[in-house]
Amino acid sequence: MRPIEILTQLLELIVALVAAPLFVGWVNQCRAWLQNRSAPSLWLPYRGIRKLFHKDAVIAAGASRLFRLAPYIVFGAMVVAAGIIPSMGTRLPLTRVADAIALVGLLAMARVFMSLAAMDIGTAFGTLGARREMMVGFLAEPALLMVIFVASLISATTALPAITEHLATQTLGLYPSLAFTAVAFLMVLLAENARIPVDNPATHLELTMIHEALLLEYSARHLALMEWAAALKLFNYACIGFALFIPWGVSTRGSAPAALLASIPLLAVKLAAAGTFLALIETVSAKLRVFRAPEFLATAFLFAVLGLLVHLLLGA
Amino acid sequence: MTPLIHSPLDACLTLLALWVLIGLAGLLRPTSLIFVGRTLFPLGALCGVALAVVALLSLGAPTERAVLIVGLPDLPMHLRRDALSSFFLFLLGAASAGISVFAAGYFRKGHGTSAGLLCLQYHLFLASMGFVLLADDAYAFMVAWETMALSSYFLVTTQHSLGEIRRAGFLYLLIAHVGALAILLAFGVMQGGSWQFTFDAMRGAHLTPFWAAVAFLLALFGFGAKAGLVPLHVWLPEAHPAAPSPVSALMSGVMLKTAVYGVLRVTFDLLGAPQWWWGVVALSVGLFSALYGVVFAAAQTDMKRLLAWSSIENVGIIFAGLGLAIVFHGVRMSGLAALALIAALYHTLNHAFMKSLLFCGTGAVLHSTGERNLGRLGGLIHRMPWVAWLTLIGTLALAGLPPLNGFVSEWLLLQAFLFAHQVPQTFVNMLLPLGTAVVALAAALAAYVMVKFFGVIFLGQPREATLLLAHDASVLERIGLLWLALGCVTLGLIPTQVVGALRIVTRQLARVDLPDPTAPWWLLEPLPGRLASYSGLVFLLAATAVVLLTILAVRLFYHQRVRHDAPWDCGFVRLDPRMQDTAEGFGQPIRHIFEPFFAMQRELPSPFDSTPRYRVSIADRIWQRLYQPLGTLVQRVADAFSVLQRGRIATYLLYSFVTLVLLLAVVL
C-alpha cells in the first residue's frame, strides 16, 4: 500500500462519514424550498444523531442478540462500501479486494441484516417492513448489477475504481448504453434509499412505509447508527452514480496528490446538484402504491438489461 | 497404511468397503440406538473424513485403474480414479462426514424402519455414491447408480406407515427409473457399434455429430431427472420433506451432485468434443430451473419443501455454469471455458455444504418441535441458539453474501458471463446478457427466500405455546452442524486455493485451463490482465475491523445503558404472535409478482362469515399440465390392455399357445 492510497482511503472515509448526514440535510432543505415550506436547518440530521447517541436505549423484551448486532453490521457495511466507491480518488487500497459485485453483495448484506433484525421482535410492522424491503431489494439488486455490468463491459474490468478511471480518462465518448443504464440507476437509487415514489421517508403511515417500518423498534444509539447508515447509503449511491456517469474530476492514477484536494470541492458541487435533482424528482412525483413498486423496479431492471443489449449490439 | 493399499484408488475402495461393513454391522444389534447411533454413525463419519483426505491428496495424482472380479462372468467391474472422481469423492467424504455426525445424534426411537436397517441403507447409499464416482464401465456405473436410487428410496420411505410418504417415495422411484433408462440408452448410443461398454471403448468410439448430440441429450435428460432440472423436478419437493433430515441433506447435498458428475463425465470425457449448441440447451434449462426453483421456494410454507425448491434453483445455477462451459469449449475459448467450469464445480461444492447445513438445521428444529410447517414456528433463536446461529451462516451463504462461499461461486459465474461478449455466434451473444440477468435475479431472490426461511423459523415470537419447550441440539448434532458451517466459511475465505485445485480437474477433464495466477495467495484473480479480483479474507478482515471499531467507538464516547421494555410497534398494545407475517404472508409479494408461474387457489371469506377462513394453496403448473395428463394417458393405455386380462386359466393357456406358434413361425 502506497501512502497516496492510504491518504485517499482515509479522506474518502472521513468525507463520507461527515458529509452523509449533511447531504440528507441538503436534500431535505431543497425539498422544503420546492414545496414552499420553511426549511429545517441543514444541520438537523447531525443534531438528531447526536441526540440519539445520548439517550438510553430501550430494547424490546423479546429481542435477541441479532437485533443489537444488526445496527453495527449495517453501519459497518455502509462504511466499507464508502471505502470501495471512488468518490474522490481511484487509488484505493481495496480496489483489488472487493470489486463492484462485492459492493452489491455488501449492500445486500446490509439489507438482509436489517430485514432480519426487523423480524426479530416479531411485530406486525417489523415483518411487514422486512417483507417489503426484501421485495424492493430483489428487484433493485439485479438492476444495479446490470447497470454496473454495462460500465464494466465498456472498461473491461469489474473493479469500480478502474471503471471510473477508464471512463474519466478516455476521450469523451458517447455511450447510448450508459444512457439506458443511467435511467435504470436513478430508479434503483430512488427505490433503495426509500425515496418517493417507492417509499416516503417523511411518514409513518403503515400502509405505505418500508424503511421506517424496519427501524420502528430501534432507539437511541442503535437508531442513530441506522439513521447514519441510511444517510451513508444515500451518499454511497450518489457516489456510485458519479463514478459511473459523471466520473470527471476524481483524482486518477498519475495525477498529483494535490488533485485529491481539488476533488473535494468538485464532489461538493456534484452532491449539491444531485441533491437538488433528487428533491425535484421527489417533489414532482407521487408516491406509488406498494404493489406498483415492483412494476417500477421491473422497468428499471428492463432498462438495465436493454442497456446491456444495446452495448453488445452497438459495441458502445 | 497396510501393504495391501498401494494407491489412492485402493484407499478409496477400502473406505467404501468399510462403509458397507459399517452398514452391515448395524444389523447385528438393529434396535440398539446406542450401538448404531453412538458407534456406527461416528465411525462412518470418520471414514468420510478419511475419504475426503485421500481424495484431496490424490487430486493431482495420475489416473489409476483397477478391475474388480465381481458380478457376472466375463463382465468384471472396471474402476478408474481421475481428478474429476477425486473432486467428487472429496465432496462426498467431506459433506457426508458432517451429515453422519449429525445423523448420529439425530436418529432416535421412532416409528418406521429400525435403526440398524436404517444404518445399512444409509451406508450403502454412501458407498454406492462412491462407486458411481469410480465406475469405468456402463455395467458398474448402472449397478452403482441403481443401488444408489434404491437405497435412497428406502431411506426416503423410512416412515412408511404414512401414505403421503409412500406416495413421495413412489414418485421418486418412478422418475429415478425414467432417468436411469435414459442414461442406459445414452450408454447404448455411446458404445458406437463396438458393443464394448467400458468407458474406454466409449472414449475411443467415433460418433457422428448427430449421434453424439443424441447421446448428450439423453444423458442430460437422465442425469437431469436425478439432479432435479425443471421439468423433471417434481420428485424433489415431495421426497425431500418425506425423508429424515440427514437423508434429505445427503440427497440434496451429495446425491444431486452425482448427476452433475454424470453430465460432466459424459460430455467432456466420454463424448470428448461437445458442440457449442449443447451448452445453449444446458444453459437455458439451467437458467429456467434456477428461476422457477427460487420463485417456488419463496412461496413455500414447509421448511424442507422450501429447501428442496432452493436445491432446484442451485442445481439450475450449476447447470447454467456447465452450459456456459460447454458453449465456450465448443467455440474454443479455453480460458473462459475453464472459468465457467470452475464456477460450476465451485458452486457444486458450496451447495453440498450449504444445503446440508440447512437441512440438518431443519432436522434439529423438527426434532425439538415436531413441526415442519413454518406457520407454527418462530422465535427459536432464544431456545436453540446453537442451531440458529450455525444455520444463519448457511442462510447467509446460500443468499450469496460475501465473504461466505456462496458469493464466490456466483462471483465466478458472473465473471464468466461478463467476459463472454466475443462469442462468434450472434445468437449466443444475445442470450448471454439475458442469462446474466437471470442469474442476478435468481441470486437476489435467493436472499429473499433465505430471509424468509431464517426469519420465520428462528426470529420473532414463537407462534405456538409448545415452542417454549424447544431444546437445543445435542452435542453430536452440534458438531455436525459446526463441521458443515466451517466448510461454508473456509470455502469462502480461501477461494484462490480452491480454484487452484479445481484447475487440475478442468485441465484433466476438458483440457482447458486458466492462466497461472500472478496475484498473491490471498487474492482471487481468475484471469490476470483483466482487472477483476476478490479476496474474501481481506474483505472479512476489513469489515470486521470496521464493525469492531464502531462498537468500540460507541462504547468509548457514549454510554452502554439499556432498558428492556415491551415492543413499541407504533403504539399498538395487544401484540400477539399471530400478528407476525406467516410464511404465506412473507411470500405474498412473490405470489403477486410471479403470478403466472403458479396455479393458485384462493379461499377468501365473505364479510358475513362468522368464522372467516383465509386459505391459499399453490400448485406447480408443470405438474398439472404435464404430469397429470401423462399419468391419465398411461392409465388409459393400461386399461386398454386390461382387456387381455380375463382371469380364466383357459384364456391364458390359449395366449401361451398362440405365442408359441408365432415364435415357431418366426424362427422357422
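This is a predicted model: local features need pLDDT of at least 70, side-chain atom pairs count only at pLDDT 80 or more; totals for chains, interfaces and linings use all residues.
Between the two chains, 70 residues of chain A are in contact with 65 residues of chain B. Six elements of chain A each supply at least two residues of the side that touches chain B, namely α2 (44-54), β1 (57-60), α3 (65-84), α4 (100-120), α5 (124-155) and α11 (293-314). The most is given by α5(A), with 17 residues. By class, this side of chain A has 47 nonpolar, 14 polar and nine charged residues. The strand β1(A) also pairs with strand β3 (residues 562-565) of chain B, in the parallel sense and over four bridges. Within this pairing, Ala60(A) stands opposite Asp565(B).

The largest nonpolar core has 373 residues, and those with the most contacts inside it are Ala143(A) and Met146(A). Helix α17 (residues 426-458) of chain B gives the most to this core, with 22 residues. Apart from its neighbours within four places in sequence, Ala143(A) is in contact with Ala184(A), Val188(A), Leu297(A), Ala300(A), Phe301(A) and Ala304(A).

In chain B, helix α3 (residues 83-106) packs with helix α4 (residues 115-134) at an angle of about 170°, the axes lying 9 Å apart. Because angles over 145 degrees count as roughly antiparallel, α3(B) and α4(B) are roughly antiparallel to each other. On α3(B), the contact is made by Ser85(B), Phe88(B), Leu89(B), Leu92(B), Ser96(B) and Ala103(B). The residues of α4(B) in this contact are Tyr122(B), Leu126(B), Met129(B), Gly130(B), Leu133(B) and Leu134(B). By class, the contact of α3(B) with α4(B) has nine nonpolar, three polar and no charged residues.

Technical notes
Residues are numbered from 1 along each chain as its sequence is written. Chains are lettered from A and ligands numbered from 1 in the order in which they are written. Two residues are in contact if their C-beta atoms, placed from the backbone, lie within 7 Å. Ala, Val, Leu, Ile, Met, Phe, Trp, Tyr, Cys and Pro count as nonpolar, Asp, Glu, Lys and Arg as charged, and the others, Gly among them, as polar. Two strands pair if DSSP finds at least two bridges between them. A nonpolar core is a set of buried Ala, Val, Leu, Ile, Met, Phe, Trp, Tyr and Cys residues joined through C-beta atoms within 7 Å. A residue is buried if 20 or more other C-beta atoms lie within 10 Å of its own, exposed if 12 or fewer, and partly exposed in between; C-beta atoms are placed from the backbone. Axes are lines fitted to C-alpha atoms, for helices over the stretch in contact, and angles run from 0 to 180 degrees between N-to-C directions. Angles under 35 degrees count as roughly parallel, over 145 as roughly antiparallel, 65 to 115 as roughly perpendicular and the rest as oblique.
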